Amino acid sequence: MKTKISDLAIFGGRPLFTTTVHVGRPNIGDRQILLDRINRILDDRWFSNNGPCVREFEKRTADLLRVKHCIAMCNGTVALEIAIRALEMKGEVIVPSLTFIATAHALQWQEVTPVFCDIENGSCNIDPESVEKMITPRTTGIIGVHLWGRPCDIASLTRIARRYGLKLLFDAAHAFACTYNGHMIGNFGDAEVLSFHATKFVNTFEGGAVVTNNDDLAKKIRLMKNFGFSGYDNVIYIGTNGKMSEISAAMGLTSLDSLDDFIRVNRGNYERYEQRLKDIPGIELIRYDVGQNPNYQYVIVKVYKEKASLSRDDIVKTMHAENVLVRRYFYPGCHAMEPYRSYFPHAGLLLPNTETVLSQVVSLPTGTSVGIEDIDRICDMIQFIMHNTREIAARLADGQQRN
Ligand code: T4K
């Protein structure tokens, strides 16, 4: 616990944590069960190409999400690319700029132009009104993102997609096992895309999936992720290699075994942050709608600079010096990164809510590697920072001048 300003690491004090506390530390289920599964894979010498672990992982995921088809892939980005291609999205597709760069890149990689729309200020999710304003004769689709595990306004996006004859895909990388109005995420639009990256609360080391209730689309995607092979020596479609390996699926199955524990821990962490941060002026935890059964995998706070008397970035710098590696997900927004920054240099003018939120948000450490006592120490630190804003701002400005 820091008691005087000189205790802060930016003033030369010892960092609060001796080893770095991360936002995206992987959850690990039962090690022994995982190792048993891996041994079985080694014994069977079946490592990839639709092996038994992948098939079981797909079935369990589809059953959990109550969706007809789950096609497991090597990562979420390739799953997005394949879904976009299978849906024949072309020309322009509307996406929020406030998302991980993969959502935009998956389009651009296939020479489809991502057109960035704004978000709603409250939910931070894609704003259907902004989507409608961005539609042109070249628009072929919309990608909604369930940012930080909060479902976006699926009903409005579905209405817009129907009205204008657009394809509708959801990037559900953050929303595995969440619900929307009583239905599991995974059942909406033409398809939804999941990520099982190491940093996701259910992980397959690297991995992803497309889930859909559309039989024809599922068939096409299955072909596409396996070079277009339909049986031995017979390619009937252009495809790529998007396959998930057996060892990844073994990790995925072990993660699924512990799904309820992971959510319980995440929820406990979130509630602790909620309780500890609620009276700190200028800091607001973005709440989950408990009615939507969240997975609680991202704990996001907004910093209001005027009330906090310290910018978000100064808080982040101060925390990093203490070995708390909070993240500014997803600063500076896709529109402000290359190649989009050069293509659309003035895009930010059309995205006022996105620009505001991007200057406010901080993602805090959570997951099974973070204990309640770590959260208490992090919250004590935030409280201490907020009591000493003037000195911290002066110190960081001074440091910047010297650099
Ligand atoms: N759509 C959305 C909305 C997404 O958020 C993502 C991925 C995708 C699509 C694409 O899905 P994938 O193709 O990735 O399956 C990380 C992840 O790499 C990325 O998967 C994720 N979103 C994004 C939100 O977070 P970075 O650039 O922040 O990664 P990095 O290396 O800085 O790691 C984050 C933190 O996690 C670090 O503090 C270190 C820690 N970490 C990471 C790994 C990999 C560990 O402690 N252990 C690990 O093994 O993107």
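Which polar backbone atom is 2.9 Å from an oxygen atom of the ligand? That atom belongs to Gly76, and point 2 takes up the rest of the ligand site.

1. Ground rules. This is a predicted model, in which local features need pLDDT of at least 70 and side-chain atom pairs count only at pLDDT 80 or more, while totals for chains, interfaces and linings use all residues. Residues are numbered from 1 along each chain as its sequence is written, and side-chain values use heavy atoms, with hydrogens and water left out.

2. The ligand site. There are 25 residues around the ligand, and Arg25, Thr77, Asp171, His174 and Tyr329 come nearest; a residue counts here if one of its heavy atoms lies within 4 Å of the molecule or strand in question. For Arg25, a polar side-chain atom lies 2.5 Å from a ligand oxygen atom. For Thr77, an N or O atom in the side chain is 2.6 Å from an oxygen atom of the ligand.

3. Helix H1. Helices here are DSSP runs of H or I with at least four residues, strands are runs of E with at least two, and both are numbered from the N terminus. H1 covers residues 31-44, which is 14 residues, and reaches 20 Å from its first C-alpha to its last, close to the 20 Å expected at 1.5 Å a residue. That expected span is 1.5 Å times one less than the number of residues.

4. The buried side of H1. Leu34, Arg37, Ile38 and Ile41 are buried in H1 (buried means under 20% relative accessible area, exposed over 50%, and partly exposed in between, with a 1.4 Å probe and protein chains only). Because these residues cover an arc of only 100° around the axis, they sit on the same side of H1; the arc is taken from the directions from the helix axis to the C-beta atoms. The buried residues of H1 pack against helix H2 (52-65) and helix H8 (246-257), where contact means heavy atoms within 4.5 Å.

5. The ends of H1. Just after H1, Arg45 takes a positive phi of about 50°.

6. Salt bridges. The structure holds 20 salt bridges, each being a side-chain nitrogen of Lys or Arg within 4 Å of a carboxyl oxygen of Asp or Glu. Side chains of opposite charge can pair when their charged atoms come close. One of the pairs is Lys4 with Asp7, at 3.3 Å from N to O, and Lys4 is partly exposed at 48% relative accessibility.

7. Two pairs involving helix H11. Arg328 and Asp313 form a salt bridge whose closest N and O atoms are 3.2 Å apart. This pair links distant parts of the chain, 15 residues apart: Arg328 is in the loop between strand S13 (324-325) and helix H12 (340-343), and Asp313 is in helix H11 (residues 312-321). Arg328 is partly exposed at 32%, as is Asp313 at 26%. Asp314 also forms a salt bridge, with Lys317, at 3.9 Å between the closest N and O atoms. Because Asp314 and Lys317 are 3 residues apart in H11, about one helical turn separates them. Here Asp314 counts as buried at 14%, whereas Lys317 is partly exposed at 37%.

8. Two buried residues worth a look. Ser97 lies in the loop between strand S3 (92-96) and helix H4 (101-108) and is buried at 0% relative accessibility. Setting aside residues up to four places away in sequence, Ser97 touches Phe116, Cys117, Gly333, Cys334, His335, Leu351 and Thr354. Asn269 lies in helix H9 (residues 259-277) and is buried at 3%. The side chains of Asn269 and Thr366 make a polar contact at 3.0 Å (a pair of N or O atoms within 3.5 Å; within protein, one must be able to donate a hydrogen and the other to accept it, and residues adjacent in sequence count only if both atoms are side-chain atoms).

9. Val290 sits in the loop between strand S11 (283-285) and strand S12 (299-303) and is partly exposed at 45%. Leaving aside neighbours within four places in sequence, Val290 is in contact with Arg267 and Tyr296.
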